[in-house]
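Trainee: Please take a close look at one part of this model, the place where the two chains meet. I would like one connected account of it.

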Protein chains: 2
Amino acid sequence: MLKACRSGIQRRGAAKIIARDPDYARLNGQDLQFFEGIVGKDRVLTENLETYNSDWSKWYTGASQCVLQPSTSEEVSAILRHCHDRRIAVVPQAGNTGLVGASIPVHDEVVLSVRKMDKHFEFDDHTGVLSCDAGHILEELENKLAKWNYMMPFDLGAKGSCLIGGNLATCAGGIRLLRYGSLHAHVLGLTVVCPDSKGSILELGSGLRKDNTSLHSHHLFLGSEGQLGVITGVKMTCVTRPLSVQSAMIGANTFDDCRKILRIAKQKLGEILSSFEMMDRETMGVLKDNLEFENVLRSDPPFNLLIETSGSNEAHDREKVDSFLEHCLSQGLAMDGVQAQSHEEARLMWRLRESATIALTMDGQVFKHDVSLPLDHFYRLTEEVQKRVGNVAKRVVTYGHMGDGNSHLNLTSTKEKAEELYQVLYPFVYEWVVKHGGSISAEHGIGQLKRPYANFGKPPRERELVKALKAVFDPRSILNPYKFI
Amino acid sequence: MLKACRSGIQRRGAAKIIARDPDYARLNGQDLQFFEGIVGKDRVLTENLETYNSDWSKWYTGASQCVLQPSTSEEVSAILRHCHDRRIAVVPQAGNTGLVGASIPVHDEVVLSVRKMDKHFEFDDHTGVLSCDAGHILEELENKLAKWNYMMPFDLGAKGSCLIGGNLATCAGGIRLLRYGSLHAHVLGLTVVCPDSKGSILELGSGLRKDNTSLHSHHLFLGSEGQLGVITGVKMTCVTRPLSVQSAMIGANTFDDCRKILRIAKQKLGEILSSFEMMDRETMGVLKDNLEFENVLRSDPPFNLLIETSGSNEAHDREKVDSFLEHCLSQGLAMDGVQAQSHEEARLMWRLRESATIALTMDGQVFKHDVSLPLDHFYRLTEEVQKRVGNVAKRVVTYGHMGDGNSHLNLTSTKEKAEELYQVLYPFVYEWVVKHGGSISAEHGIGQLKRPYANFGKPPRERELVKALKAVFDPRSILNPYKFI
């Protein structure tokens with residue numbers, strides 16, 4: 001995974017310091033003895049906890065004194081029952097690959113890692129239903145499914161280290177969402193353990209595609225960021241692996257033309273369209289200046305669209321992409337367009353999109369965003385920010401999953417101007433997004449980073465509701481405290 | 001919609017009589033005056049309420065004295081606030097096309113109809129996001145979307161009269177689920193009104209494909225059968241209308257061969273596969289004997305598979321279906337197979353599937369089922385039931401959405417043997433389904449019909465959880481009482 005060196009300034013401003021809640025008990029020797037009795041001595045870690053107390057970007061640092069590594073739901077249940085009784089705060093942690101600090105303790109919360117819960121794996125290749133423990137690594141699941149010609153319905157940069165339980169708890173998005181939908185489209189059932197007086201182990205939903213026999217409460221855990229219960233097992237649908245993947249790049253003069261091209265792609269590529277990514281000219285600039293990567297489109301257009309299809313017949317798919325490109329060119333919507341003729345050509349296209357993050361970190365201090373916007377306003381945000389920041393920023397760079405309305409707006413600055421840029425940007429950006437019907441966190445979540453802004457645009461009654469729902473599962477409020485609920 | 005004359009015996013056994021809860025207030029003149037002040041005199045109905053007090057099959061009969069027809073969320077809010085304060089029980093009702101009596105009062109509950117909430121309609125053809133009131137008829141939405149070449153992501157027999165709000169409250173399945181996923185894959189946000197002291201109007205979720213800024217609590221309302229709150233508005237994704245629809249029928253000798261054919265269809269038809277329906281030989285028998293419909297397959301195979309594709313290129317789709325059929329025949333999995341060469345030929349195939357319900361009602365007393373089963377057990381249920389009922393039943397007929405694991409097992413009997421058949425079938429069928437990892441209600445819900453069986457296989461803690469979740473939204477438990485929660 002690419003390692004971005006993000007601005008300490010952006011963090012300092014966003015994550016305000018929250019005092020430790022004195023109602024939470026401090027861990028003592030008896031607690032540790034109890035935990036050792038449950039999971040065994042070697043699964044109660046009290047030393048060298050750095051990797052659990054901080055994230056890969058080193059933005060967040062917790063002060064947990066204890067990491068537990070249970071391997072069964074029963075062990076999780078015994079731990080949570082004890083923590084409930086003693087009122088010990090707990091942070092569930094999966095692969096710890098998040099970008100907003102949701103899985104990092106704020107103070108001395110016990111870390112409950114699901115990493116060792118990786119035994120159960122069962123796949124029915126007739127129904128495409130996977131049933132497994134929460135601790136499996138996404139990429140390992142992907143590899144296991146390959147022998148049946150299936151794959152996971154989502155894909156992320158962090159796939160080599162993120163765990164399926166964490167993917168579900170954060171309702172991870174990623175690059176296949178346009179084609180296969182969100183995780184709500186795929187989850188059928190969850191095993192969750194609640195931090196209540198019984199350490200209740202709940203089997204919510206089932207392994208069936210259609211089941212209308214109760215409330216569909218498992219969906220509540222998607223995007224809950226570990227604040228309701230600990231996901232220990234999952235049943236979900238997987239998708240057939242495509243036999244043909246095609247890539248193409250298109251240049252457009254205006255964002256309005258990009259919208260029209262998206263509309264045509266949905267019609268002409270229909271069922272095989274799997275990615276519709278946008279990179280503006282500044283994205284190409286930051287790639288050229290820092291990595292010497294050349295745009296595959298010679299015309300250096302204001303907007304570059306990277307389009308991917310996934311289908312079951314290569315000849316059919318290539319014909320569809322050809323016909324789509326020709327249509328866009330003949331209508332004057334595209335000023336340039338090229339279909340990858342080989343795996344190598346496709347790789348050169350995708351290298352541009354995937355290297356944008358690293359090129360930015362080489363460009364200066366980076367202010368990153370992950371917002372959703374209605375397409376009317378998608379690029380207007382960039383234009384408004386360009387106007388507002390003037391020459392305080394070094395660059396204003398926008399790329400993102402345009403097909404999903406998900407924009408990654410980035411600004412870079414020199415070290416000297418970073419503080420000034422911060423003042424110009426916040427809370428302006430988040431206010432603008434909410435005012436224009438957008439979301440301040442499309443796929444990364446709230447965690448610690450966006451906690452001060454989590455309530456933007458949310459009426460008080462919604463906040464009360466969320467708290468009341470948490471109380472149903474976590475009556476003493478011990479699970480992942482100091483986060484968005 | 002076809003009108004099935006279902007067995008009074010099946011109903012009598014399933015829906016046990018529940019006494020009126022004396023804690024609910026009886027409606028008085030002041031209440032009616034209050035309601036008239038909110039929605040106007042002509043929207044408070046107190047006479048000729050038969051169509052609101054019973055369902056289309058005339059199975060269920062309520063005794064409501066008052067039907068309210070609000071047209072805005074604010075009116076719904078004022079009504080529910082009043083009902084909360086007075087503790088008046090309320091049944092939300094949409095198109096009233098359900099099959100299990102979920103939207104019919106059990107006693108004298110006030111009926112809150114959302115039928116008049118059909119003003120707001122907004123569609124963004126770039127993102128495919130629809131925002132509308134809950135009272136729109138599904139087919140009318142489908143027709144409105146046609147001008148943008150979009151369609152609703154699900155389809156039902158009741159589309160001419162069911163309302164989108166009811167579709168969401170019951171998490172309706174239908175015949176496009178295999179291709180487009182359940183409604184969880186499409187709902188982005190809901191407006192719901194809660195029966196609490198404020199009559200809270202909640203905007204849950206948003207109109208964005210990606211939004212991770214709060215709990216995804218709108219998903220809790222899908223399948224809640226109107227027991228948490230009243231859905232008054234929806235934001236959801238719609239799908240591109242296919243340019244080519246192909247149908248084919250395949251005959252197979254064994255159910256195991258059907259499973260193998262499904263596996264091949266997922267690989268070879270992949271992204272265009274939109275239906276995979278199974279009808280057994282007895283289904284063809286009931287169609288022939290009662291409607292004189294002939295099977296389009298001359299070989300009269302034990303299993304008939306009706307397969308549909310929806311795609312964007314007719315030549316490509318026909319080629320894929322051809323190649324798929326050839327493969328199944330050459331592998332010896334299919335004993336017979338035919339691709340529809342015209343719209344008329346396709347119609348003859350689908351007429352078989354769609355007329356099975358009416359043919360059954362002409363065959364005798366009908367015992368209907370709507371269950372989900374893992375494919376291992378899908379047809380074993382039929383075989384077990386065949387053995388068990390012997391010659392007490394006239395016929396044992398199975399068809400269903402095999403691609404979704406959803407079996408519609410039907411039994412017919414003479415009038416004389418109906419009681420005996422009932423005794424042989426229940427609770428055996430539901431117990432067998434739960435024991436083999438299935439669901440006793442795949443898409444029709446629980447309502448009044450399956451209330452006695454709703455807890456089969458559900459642990460007590462799940463029941464407590466469901467009640468606690470209801471209490472968050474409906475603190476005085478006035479909404480749709482006597483149903484599954």
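**The interface of chains A and B**

Mentor: Between chain B and chain A, 48 residue pairs are in polar contact, both residues at pLDDT 80 or more; such a contact is a pair of N or O atoms within 3.5 Å, where within protein one must be able to donate a hydrogen and the other to accept it, and sequence neighbours count only if both atoms are side-chain atoms. Of the elements of chain B, H16(B) gives the most to the side that touches chain A, nine residues (helices are DSSP runs of H or I, at least four residues, numbered from the N terminus). By class, that side of chain B has 30 nonpolar, 32 polar and 23 charged residues, with Gly counted as polar and Tyr as nonpolar.

This is a predicted model, in which local features need pLDDT of at least 70 and side-chain atom pairs count only at pLDDT 80 or more, while totals for interfaces use all residues. Residues are numbered from 1 along each chain, and side-chain values leave out hydrogens and water.

Ten salt bridges are counted between chain B and chain A, each a side-chain nitrogen of Lys or Arg within 4 Å of a carboxyl oxygen of Asp or Glu. One of them joins Lys198(A) to Glu464(B), at 3.9 Å from N to O.

In contact terms (heavy atoms within 4.5 Å), 85 residues of chain B touch 84 residues of chain A. The copies meet through the same surface, because 99% of the interface residues of chain B are also interface residues in chain A.

Note on methods:
Chains lettered and ligands numbered in written order. Helix = DSSP H or I, 4+ residues; strand = E, 2+ residues; numbered from the N terminus.
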